[in-house]
Amino acid sequence: MDEVTGAQLIAEALKSQNVEYMFGIVGVPIIEVAMAAQAAGIKYVGMRNEQAVEACRLYSKFSARPSSLEMIPAVVEKAVRSSIYGRPGATYIDIAGDMVNAKIDRASVRFVSCCPAPPVSQADSREITQAVRLLRAAQRPLIIIGKGAAYARAEKEVRELVEVTGIPFLPTPMGKGVLSDDHPNCVAAARSRALLQADVIVLLGARLNWILHFGFPPRFSPHVKIIQVDLCAEELSNNVRAASALLGDIGAVVRQLLETVRSWRFPSDSQWWLTLKEKMTANAQISKSLALQSTLPMNYYTAFHHISELLPKDCIIVSEGANTMDIGRTMLLNYLPRHRLDAGTFGTMGVGPGFAIAAAVLEQTQKSAQRVVCIEGDSAFGFSGMEVETMCRYKLPIIIIVINNNGIYSGVDPKTWKEMEKMGDMTTIAPPVTLLPEAQYEQVMSAFGGRGYLVRTVEELRSALQESLDNTQMPSLLNVLIDPASDLFNYLQASRISTYFGAI
């Protein structure tokens with residue numbers, strides 16, 4: 001009798017679904033599962049930061065507990081299929097500890113082959129006709145490219161739609177790069193103006209949630225007409241009733257639109273284009289003036305300006321934080337699809353290092369020359385900073401840039417901190433948003449064998465970043481000290497920059 005353990009069944013079932021990587025934190029009985037995964041040919045990456053996994057069960061697309069060892073392969077197949085069919089999302093399998101080491105005759109197990117690729121569906125032709133009618137009548141049309149378009153790998157179709165119709169577009173945070181941020185039709189620098197004044201908006205895999213202000217006034221016109229393209233039927237008409245609801249695969253639906261709209265083009269000399277270009281120019285001048293300030297400590301714009309000048313165009317940017325992520329979205333351009341990861345819809349802090357590790361493991365396996373750059377606020381880095389040990393353990397040449405302003409949104413300088421300490425109990429005196437001034441985060445990386453840099457000036461920033469880009473053998477961490485008062489909201493108030501609201 002050929003016996004197999006529960007751990008082996010889990011590993012073999014995952015392997016049959018073409019799972020190549022497993023990320024986890026071991027402990028009895030997870031050790032056996034990780035070892036079985038390696039024996040099955042799955043690459044195992046041991047992490048350091050354990051999240052509240054059980055809590056995710058309620059928010060997963062699919063959750064199940066196999067009732068027996070025989071059912072493990074079928075449950076795994078359904079979990080994988082559920083995660084990639086329709087809108088992609090996490091799934092959860094709860095396997096009892098005593099099942100991991102239990103044994104069963106292999107002949108009695110019902111093994112399941114790899115699930116098929118997700119089906120591709122098209123929109124109702126009547127809705128396509130209505131959408132094209134709305135576009136042709138629009139005075140101020142706008143396309144918003146969401147991460148759904150990136151996941152659908154619809155960059156070819158989206159590019160053709162934008163360039164055939166001549167309509168301006170905006171990317172959402174993880175829709176950046178579906179079309180390059182430097183594309184002539186990209187109006188991200190005038191986002192607030194574009195959202196407020198557009199009369200017809202095409203949503204391509206983007207949701208009207210808080211990231212897009214729910215589609216409500218005063219950010220949107222109360223009379224705006226929405227053409228919504230989405231793979232998820234439940235998402236259609238959320239918050240704002242869609243004037244045309246196009247249910248289907250983003251690429252397939254865009255091809256349907258192109259078949260009907262190809263003979264029409266929005267005029268490039270329209271008042272709408274003139275308005276947007278004027279606003280983009282004005283905002284670019286304000287950002288440039290902030291970026292070129294020579295005072296020390298640096299501000300956000302100065303730091304990001306010099307970082308952006310050195311980063312390769314094909315690098316994968318991972319970003320999280322408050323001001324760091326928000327301002328970084330406007331200053332750090334993406335040129336390729338699926339090359340940006342950030343805190344996403346729920347704004348979850350602590351995901352950055354994990355995202356960076358996953359991206360770097362894939363690039364390492366594929367022997368790609370693309371660099372992974374993880375840009376963290378100092379508060380965000382604290383959530384999962386110990387993952388630098390994971391990076392060093394697997395020799396992943398990730399570049400972490402910590403934008404350190406001594407706090408959450410804003411902090412205080414060392415002198416002010418010492419004065420506050422003299423005043424008494426810091427638990428009643430220190431502002432809740434403050435962190436320890438000038439914390440030496442670079443030493444965390446150095447402790448595990450990576451390269452750490454303490455950066456105070458533009459020259460030090462450019463030198464440290466260039467050295468890190470040249471080093472492909474180990475991870476690096478740049479601890480960039482900026483002005484503690486360099487918070488986003490002061491800049492908005494002082495200079496009336498609207499690009500922040502155009503970045504989220």
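**A helix pair and its surroundings**

Modeller: Let's start with helix H11 (residues 300-310) and helix H12 (residues 323-331), which pack with their axes 10 Å apart and at an angle of about 50°. The model is a predicted one, in which local features need pLDDT of at least 70 and side-chain atom pairs count only at pLDDT 80 or more, while totals for chains, interfaces and linings use all residues. Residues are numbered from 1 along each chain as its sequence is written, and side-chain values use heavy atoms, leaving out hydrogens and water.

Helices (H or I, at least four residues) and strands (E, at least two) are DSSP runs numbered from the N terminus. An axis is a line fitted to C-alpha atoms, for helices over the stretch in contact, and angles run from 0 to 180 degrees between N-to-C directions. H11 and H12 are therefore oblique to each other; under 35 degrees would count as roughly parallel, over 145 as roughly antiparallel and 65 to 115 as roughly perpendicular, with the rest oblique.

On the H11 side, the contact (heavy atoms within 4.5 Å) is made by Tyr300, Tyr301, Phe304, His305 and Ser308, which meet Asn323, Thr324, Ile327, Gly328 and Met331 of H12. By class, these residues of the H11 and H12 contact are 5 nonpolar, 5 polar and no charged. Here Ala, Val, Leu, Ile, Met, Phe, Trp, Tyr, Cys and Pro count as nonpolar, Asp, Glu, Lys and Arg as charged, and the others, Gly among them, as polar.

Of its 37 lining residues, Ala189, Thr330, Met331, Leu332 and Leu333 are the closest to its centre. On a 1 Å grid over the protein atoms alone, a pocket is an open set of points where a 1.4 Å probe fits, with protein on both sides within 12 Å along at least five of seven lines, and lining residues have an atom within 4 Å of a point. H10 gives the most, with 7 residues. The lining of this pocket divides into 19 nonpolar, 11 polar and 7 charged residues.

For comparison, look at another pair. The axes of helix H7 (residues 155-165) and helix H9 (residues 250-261) come within 9 Å and cross at roughly 25°. That makes H7 roughly parallel to H9, and H7 passes H9 in a left-handed crossing. From H7, Glu157, Val158, Glu160, Leu161, Val164 and Thr165 meet Gly251, Val254, Arg255, Leu258 and Val261 of H9. The H7 and H9 contact holds 6 nonpolar, 2 polar and 3 charged residues.

The peptide bond from Pro217 to Pro218 is cis, with omega near 10°. Pro218 sits in the loop between strand E9 (200-204) and strand E10 (225-230). Most peptide bonds are trans.

Technical notes
Left-handed = near helix turned anticlockwise from the far one by under 90°.
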